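Hello,

Here is the structure I promised to pass on. My notes follow below it.

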Amino acid sequence: MSYLATENISIEVGSITFTDSDSGTLAFELPFLDDSYQVVVAIRDTGDAGGVNVNIYIDSVNSSKREVVVKASAKFTGIVDVIAVKTG
């Protein structure tokens with residue numbers, strides 16, 4: 001995991017490993033001041049034949065200023081990369 005911050009921006013970058021799971025959590029190295037940050041998630045291409053055929057999304061109800069919860073439309077095994085950004 002990696003954290004970068006200046007006076008106007010905070011960025012947290014990390015990965016969640018899914019192992020036959022449809023939910024994963026990334027705990028932030030340093031909590032944001034509140035939960036008004038933005039998140040980008042992407043399934044990492046591991047080069048496996050066939051790829052992964054799931055949709056991923058942020059579970060905003062269970063995410064907080066301390067962690068983000070990522071859900072998938074079905075159980076899968078793979079890695080999800082996460083970038084969380086707070087500006088202002």
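**Aromatic pairs and the core**

Phe18 is buried, at a relative accessible area of 1%. Please keep in mind that this is a predicted model. Phe76 is buried too, with 6% relative accessibility.

A search of the whole structure turns up four aromatic pairs. One of them joins Phe18 and Phe76. Their rings are stacked, 4.8 Å centre to centre, with 20° between the planes. Phe18 sits in strand β2 and Phe76 in strand β5, so the pair ties together parts that are 58 residues apart in sequence.

Phe28 and Tyr37 make another pair. Here the ring centres are 5.3 Å apart and the planes stand at 90°, so this pair is edge-to-face. Phe28 is buried at 8% relative accessible area. Tyr37 is buried at 9%. Together with Phe32, Phe28 and Tyr37 form one aromatic cluster.

Phe28 also matters for the next item, the nonpolar core. The largest such core has 14 residues, and Phe28 and Val82 touch the most other members. Strands β2 and β5 (67–87) each supply at least two residues of this core. The largest share, seven residues, comes from β5. Leaving out residues up to four places away in sequence, Phe28 has contacts that include Met1, Glu12, Tyr37, Val68 and Ala84.

Asp20 is found in strand β2, which covers residues 9–27. Is Asp20 buried or exposed? It is exposed, with a relative accessible area of 52%. Its backbone deserves a look. Asp20 has a positive phi of about 45°, although it is not a glycine. Most residues other than glycine have a negative phi.

Asp22 lies in strand β2 as well. At 34% relative accessibility, Asp22 counts as partly exposed. Setting aside residues up to four places away in sequence, Asp22 touches Val70, Lys71, Ala72, Ala74 and Lys75.

Which residues make the nonpolar surface patch of about 230 Å²? They are Val13, Val40 and Ile83. Val40 lies in strand β3, residues 38–43. Val40 is exposed, with a relative accessible area of 53%. In soluble globular proteins, nonpolar side chains tend to be buried together.

Best wishes

How values were computed
Residues numbered from 1 in each chain as written. Predicted model: local features only at pLDDT ≥ 70, side-chain atom pairs only at ≥ 80, totals over all residues. Heavy atoms only, no water. Patch = residues over 30% accessible without salt bridge, like charges linked within 9 Å, V, L, I, M, F, W, Y side chains within 5 Å. Areas by Shrake-Rupley, 256 points an atom, 1.4 Å probe, with all protein chains shown as cover. Salt bridge = Lys/Arg side-chain N within 4 Å of Asp/Glu carboxyl O. Helix = DSSP H or I, 4+ residues; strand = E, 2+ residues; numbered from the N terminus. Buried < 20%, exposed > 50% of the residue type's maximum accessible area, 1.4 Å probe, protein only. Contact = heavy atoms within 4.5 Å. Core = buried A, V, L, I, M, F, W, Y, C linked by side-chain atoms within 4.5 Å. Phe/Tyr/Trp six-rings, centres within 6.5 Å; stacked < 30°, edge-to-face > 60°.
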